Amino acid sequence: MALDPETFNQLLETVDRYVKERLVPHEKEVSEKNQIPPELVLEMKELGLFGISIPEKFGGMGLTNEEEVRLIMTFSQTSPAFRILWGGNVGIGSQGIVLDGTDAQKQHYLPKLASGEYISSFALTETEAGSDAASVKTIAEREDGSYVLNGRKRFITNAQNADIITVMARTGDDISAFIVEKGVPGLSFGKPEKKMGLEGTHICDVVFEDYRVPAENLIGGQEGLGFKTAMKVLDRGRMSVAAGCVGVAERLIEECVAYSLERQQFGKPIAEFQLIQAMLADSQTEAYAAKTMVLDAARKKDAGEDIIMEAACCKMFASEMVGRVADRAVQIFGGAGYVADYPIERFYRDVRVYRIYEGTTQIQQLIIARQMLKDKN
Ligand code: COS
């Protein structure tokens, strides 16, 4: 454990209190204004959330994988938009540098990411690349001491707010990863996309037109490492997404229990009807199964094991699970689950993307089966 158990439990209690007292009351406003209030962003920076996965020597908390998923589960009992704000820095935005960056890259960028001074983002997806990660067309050509980037990235979360973006681009036949800074000519953004849910989180295209990135921003200082960097980053990101799904499911279950005890039909609370109880029990069982899986995979990773297959299992099961839990929540709330005055309708829309981003369910199935069959034939 990076923290002693008592300190870690205090951190979880602080996060739990913060979520309930500060974030839950702002969920509706964030959804309606499509913006997280700046004072909440500041508070989340002060809590150290942006740096939970960054080593202590670079100013982060350096949590173990188990601690990290437990913290994410606790934090995620609110709108996913709040986690996505700092989740970029913790997961896919910073991990390319943590895992494969040069010492100079780590020293320069990680303290800024850990404090939240820099917001980061991850740009792999293009019109013809996403699930097929190896087919990126954005090109990086070496010229003097720089690389010149040309291409268009698609649906990139947090891109417009980001100070740095990890960009996958083609250097000859291989893919390389670059740390791209904002405020340099040649970088522009597409229109903010109107999404099904996740208000408060923004996605847009990122366009490179003769954008010059210094050669020292090539992650790892060597061409051709980018594909594996992206794959390793996504393994880690999938654990965070799975932990986020568990947190949201637990919140939805809590809402369902409270509502079914309060809502009266046929002269008694609907919680007394066995058909409602069956839905509660199914949701509880599935959330518990997902939680157990995520904790097990995180512990394996802490023990130094390869968890490519487990991360994909967790992402697939937890994202499908939270979809079913949200669907049952709408059913238990009935009409109140379908109108926007109650939070269920919002969560139902928000969680749909979990089955898509950071690798669709179908991509996870492919990864799981490949790992199962590897070296067997
Ligand atoms: N960790 C480390 N290395 C990995 C890896 C991982 N998780 N996955 C693959 N690699 C390595 C392989 O070992 C292989 O190395 P060698 O060339 O040394 O043998 C190399 O990377 C190429 O791997 P592979 O042949 O499996 O590449 P594919 O193009 O067939 O990959 C999948 C196919 C589906 C696995 C890949 O494209 C993928 O994960 N796609 C989903 C990406 C995604 O999540 N996109 C969502 C948008 S980004 S938020």
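**Figure 1. Asp144 in the loop between β2 and β3 of the predicted model.** Asp144 is exposed, with a relative accessible area of 69%. Strand β2 covers residues 139-143 and strand β3 covers residues 146-157, and Asp144 belongs to the loop that joins them. The phi angle of Asp144 is near 55°, a positive value in a residue other than glycine.

**Figure 2. Asn34 in the loop between α2 and α3.** Helix α2 comprises residues 27-33, and Asn34 lies in the loop between α2 and α3. Although Asn34 is not a glycine, its phi is positive, at about 55°. Asn34 has a relative accessibility of 29% and therefore counts as partly exposed, since that class lies between the limits of 20% and 50%.

Figure 3. Helix α4 runs from residue 65 to residue 75 and is mostly covered, with 10 of its 11 residues buried.

**Figure 4. Lys106 in helix α7.** Helix α7 spans residues 103-115 and holds Lys106. Lys106 has a relative accessibility of 16% and so counts as buried, the limit for that class being under 20%. When neighbours within four places in sequence are left aside, Lys106 is in contact with Phe58, Ile97, Val98, Gly101 and Pro111. Ser94 is 12 residues from Lys106 along the chain, and the C-alpha atoms of the two residues are separated by 9.5 Å.

**Figure 5. Aromatic pairs, with Tyr109 and Tyr118 as one of them.** The whole structure contains 9 aromatic pairs. In the pair formed by Tyr109 and Tyr118, the distance is 6.4 Å centre to centre and the angle between the planes is 45°, a tilted arrangement. Both partners are buried: Tyr109 has a relative accessible area of 3%, and Tyr118 has a relative accessible area of 14%.

The rings of Phe333 and Tyr342 have their planes at 70° and their centres 6.1 Å apart, so this pair is edge-to-face; the class requires an angle over 60 degrees. Phe333 is buried, with a relative accessible area of 5%, whereas Tyr342 counts as partly exposed at 35% relative accessibility. Ring pairs link Phe333 and Tyr342 with Tyr259 in a cluster.

Figure 6. Among contacts between residues at least 6 apart in sequence, 74% join residues at least 24 apart. The accessible surface comes to about 17,100 Å², of which 52% belongs to carbon and sulfur atoms. There are 43 positive and 55 negative side chains, and the centres of the two sets lie 3 Å apart.

Conventions
Residues are numbered from 1 along each chain as its sequence is written. This is a predicted model: local features need pLDDT of at least 70, side-chain atom pairs count only at pLDDT 80 or more; totals for chains, interfaces and linings use all residues. Side-chain values use heavy atoms; hydrogens and water are left out. Contact means heavy atoms within 4.5 Å. Accessible areas come from the Shrake-Rupley method with a 1.4 Å probe; for residues, only the protein chains shown count as cover. Lys and Arg count as positive and Asp and Glu as negative; His and the chain ends are not counted. The place of a charge is taken as NZ of Lys, CZ of Arg, CG of Asp or CD of Glu. Buried means under 20% relative accessible area, exposed over 50%, partly exposed in between (1.4 Å probe, protein chains only). Helices (H or I, at least four residues) and strands (E, at least two) are DSSP runs, numbered from the N terminus. Rings of Phe, Tyr and Trp (its six-membered ring) pair if their centres lie within 6.5 Å; planes under 30 degrees apart count as stacked, over 60 as edge-to-face and the rest as tilted.
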